[in-house]
Amino acid sequence: MSKMRVCLDAGHFGKYNRSPVVKSYYESEMTWALHLKLKAQLEARGFEVITTRPDIGTDLSVYNRGTASKGCDVFISLHSNAVGSAASNPENIDYPVVYRAFDNLNDVDSLSLKLAKQIGALMGTHQAGRTATRKNSAGGEYYGVLRGARAVGTPYYMLIEHSFHTNTAATRWLLEDVNLEKLAVMEADLLAEHFGVKAEEKPEGKTAIMGKAQATAQQMALYCRSKNAAPQLTSCSLEQLCQMFLEEGEAEGVRGDVAFAQSLHETGFFRYGGIVQPSQNNFAGIGALNGNAKGQAATFPDPRTGVRAQVQHLKAYASTEALAGSCVDPRFSLVARGSAPYVEWLGAADNPNGKGWAVPGKGYGAKVVEMLAAILAYETPQSPDTPAQQPEAAQYPKWQTEGLQALVDAGVIESPEYWEKKLGQEITVGEVLGVMGRLLQNKAG
């Protein structure tokens, strides 16, 4: 059975449609970022996806962007809306709207309305999402992109306005990359549910990147030291770094022990010696492309940020879920989301999707899995089941203990704890002279 095909269109090109209320916002930049994220999410769910233009700087006519969907099942043009200058209070207008076929071709309204309402709920707009149609004077589709999609027989076509960039709250929401990721996840989920598209099931014998770590920080550190007794870490100890991997992995739902095993492979057990230098806090070669000079790779301000970036980059490959925290991975947006959910697929040559952390990377994932297995097999020292027996207190003749007490009472000895420990030991001449001197002083007094 052939895959369902979707054509995505990022509304506008270059720097276009600047928000009048949040000056850093351009509709063209938001829709470009969103359409890339949505593409990745749809592909991860089993759709085949094409886009109408190769880059944000390419200008195409609206009609030709619609006709680019020829042979596709769905065409979606992504936008944000704006009210006209005559509007009395633009801050009161924030509803998402999906424009669909004027004749409700293939009952597209049911899908369009679900999308509009879910976008409004996710963005927290005051006005509910809705659908709309608009015809030109000839009775056809008003919007050129929709007219073009209809002309080539695309069964489902829509233009989605993600609220209004004349509304301050909505515009600020759309400026956040993590929110665009949430939109992409939601829209992809809804499309997959509506069309009954499901991703392929997990193959046998593969190691998932997402999940809870199975190794402990102690196992990770001990295995590393067994291969390199002096890791080149400039800002933290190995034990601290291992704990960071587990904590950052837990935060994003990524196996921290998998990420650590990958870092051992990438850095040669923290010996380095390649493009990345120890002071860069880059434990997985992020940005270290073939042919780069020494140091020509991503640099992070501290070890935790470096670990977080690696975990986020793994999540980009392994999952289509939005990041839990702010993105610190400089190459996150370049990844085909969900294209490598298994460690064994991290090498592009071993991945049926042809994507991967390492290119060509034949055997890359297998090496990481091998190191992970070695970490998990590493035995750590165990605490005894019962506490160690304390030695019984030594027994001394009564005349000795009474003599000590008499000297304490007489004020000759002021540190009985010290002398109790000496009862069974030899004492020095100095100690004897000290005690005798105190006796004479007390007698004279």
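Glu43 and Lys39 form a salt bridge, with 2.7 Å between the closest N and O atoms. A salt bridge here is a side-chain nitrogen of Lys or Arg within 4 Å of a carboxyl oxygen of Asp or Glu. This is a predicted model, with residues numbered from 1 along each chain as its sequence is written. Local features need pLDDT of at least 70, side-chain atom pairs count only at pLDDT 80 or more, totals for chains, interfaces and linings use all residues, and side-chain values use heavy atoms, leaving out hydrogens and water.

Glu43 and Lys39 sit 4 residues apart in helix α1 (residues 27-44), so about one helical turn separates them. Helices are DSSP runs (H or I, at least four residues), and strands are runs of E (at least two), numbered from the N terminus. Glu43 is partly exposed because its relative accessibility is 29%. Lys39 is also partly exposed, at 22%. The classes are buried (under 20% relative accessible area), exposed (over 50%) and partly exposed (in between), with a 1.4 Å probe and protein chains only.

The whole structure holds 18 salt bridges. Three of them are tabulated here.

| Pair | N to O distance |
|---|---|
| Glu43, Lys39 | 2.7 Å |
| Arg100, Asp109 | 3.0 Å |
| Glu248, Arg308 | 2.8 Å |

Glu248 is buried at 8% relative accessible area. Arg308 is partly exposed at 30%. Arg100 and Asp109 are both buried. A network of salt bridges links Lys37, Asp177, Glu181 and Arg337.

Now the backbone. Most residues other than glycine have a negative phi, and most peptide bonds are trans. Phe269 has a positive phi of about 60°. Phe270 has a positive phi too, near 65°. Phe269 is in the loop between α9 (256-267) and α10, and Phe270 lies in the loop between α9 and α10. Phe269 is buried at 10% relative accessibility, and Phe270 is buried at 0%. The peptide bond from Val359 to Pro360 is cis, with omega near -5°. Pro360 lies in the loop between α10 and α11.

Ser333 is in the loop between α10 (303-318) and α11 (364-377). Ser333 counts as exposed, at 54% relative accessibility. Ser333 and Ala33 are 300 residues apart in sequence, yet their C-alpha atoms are 8.3 Å apart in space.
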